[in-house]
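Hi everyone, thanks for coming. Please have a look at what I'm putting on the screen, and then I'll walk you through a few parts of it.

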Amino acid sequence: MTKQEKIRTDRLFLLHEFVKDYFTKSDWIKIGYLTDSLELIEDHPRLLRSLDFDDDDYEGNSLQVLSKLVSESNSNLVEIERFVEAKKANPVKPVREFISTVQPRQPERVITFAPDVFRLPEKPVETNVLSVMMPFEGKFSGTYAAIRSVCAKLRIECRRADDIWDNSILIQDVFELIFTSRAVITDFTDRNPNVFYETGVAHTLGKLVIPITQSVGDIPFDLRHHRALTYLPNAEGLAKLEADLEKKLTKVFN
């Protein structure tokens, strides 16, 4: 290796030390435009994906792409150094907030959540909030009243999507409600597709999900290993639901 090649390599490694810790997806796209190499960055099979999910191979992928960019043109090296220097003036390392309410502490391996359909809310998890995912039909009004009665008794704040209107898109309100909740009740009665979808979102966010249903047969096969509270939609059945929920919620919100 010549002296010039060593200097070039040292500059590459110095750049990479900053890039691997501070670059966002947006930064990579900007570098693509600056070096006329957007196709190389967007078509790389692992670079942006490993960044999004904080995978172990991101460090190697980022070095590989940087090395390719620098090897193509000395002007690319200069452009990237100029971009990095400007970013160093105000470095903002991505904040990874742990919002799971199932895990008692952050595990060693965490997947970074980067949704395209939702906007991540600038809101914390509220430790005293229970959200309820159920159809808005009148036939479920007794069920919701029973849940609210238990929450009032235990001084838990109970919310359903139709109780709020913070966004023009309903699903964003639903997502934010799940995101900020300590626990989520999902009513599988009548196999409502929206409830199924919302349950998937809650599980993905690591939320503590409490399933309830009027019929075990309405619970999807893949979820039947999760214990559900069953109830009947009459006075006696709703009274039993309240008693069962009180025991469960007391443990969850203790």
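Let's begin with strand β1, residues 129-133, which pairs with β2 in the parallel sense over 4 bridges. If you want one spot to look at, find V129: its bridge partner in β2 is E157. Please keep in mind that this is a predicted model.

Now zoom out to the whole sheet. It is an open sheet of 5 strands with parallel pairing, and the order across it is β2-β1-β3-β4-β5. Which strands stand at the edges? They are β2, residues 157-160, and β5, residues 229-230; each has a single partner strand, so one side of each is left without a neighbour in the sheet. As a bit of background, strands of a sheet pair through backbone hydrogen bonds, either parallel or antiparallel.

Next, the helices that lie across these strands. Helix α8, residues 170-180, lies across β1, β2 and β3, and runs at about 140 degrees to β1. For orientation, β3 covers residues 183-187. Then there is helix α10, residues 235-252, which lies across β1, β3, β4 and β5. Its direction is at about 170 degrees to β4, the strand at 208-213.

Both β4 and α10 come up again in the second largest pocket, where each supplies at least two residues of the lining. That pocket has a volume of about 390 Å³. Its lining consists of 15 residues, and I210, P211, R227, A228 and K248 lie nearest the centre. What is the lining made of, in terms of nonpolar, polar and charged residues? It divides into 7 nonpolar, 2 polar and 6 charged.

Let's move to another part of the chain, helix α2, residues 25-34. Here D27, W28, I29, I31 and G32 are buried. What do these buried residues pack against? Their partners are α1 (3-22), α3 (38-42), α4 (47-52), α5 (58-72) and α6 (74-88). After α2 comes D36, which has a positive phi, near 55 degrees.

One last stop, in helix α5, where you'll find G60.

Definitions and conventions
Residues numbered from 1 in each chain as written. Predicted model: local features only at pLDDT ≥ 70, side-chain atom pairs only at ≥ 80, totals over all residues. Heavy atoms only, no water. Pairing = 2+ DSSP bridges. Contact = heavy atoms within 4.5 Å. Axes fitted to C-alpha atoms, helices over the stretch in contact; angles between N-to-C directions. Buried < 20%, exposed > 50% of the residue type's maximum accessible area, 1.4 Å probe, protein only. 1 Å grid on protein atoms, 1.4 Å probe; cavity = no way out; pocket = protein on both sides within 12 Å on 5 of 7 lines; lining within 4 Å. Points joined across faces, edges and corners; volume = space filled by probe spheres on them. Nonpolar A, V, L, I, M, F, W, Y, C, P; charged D, E, K, R; others polar.
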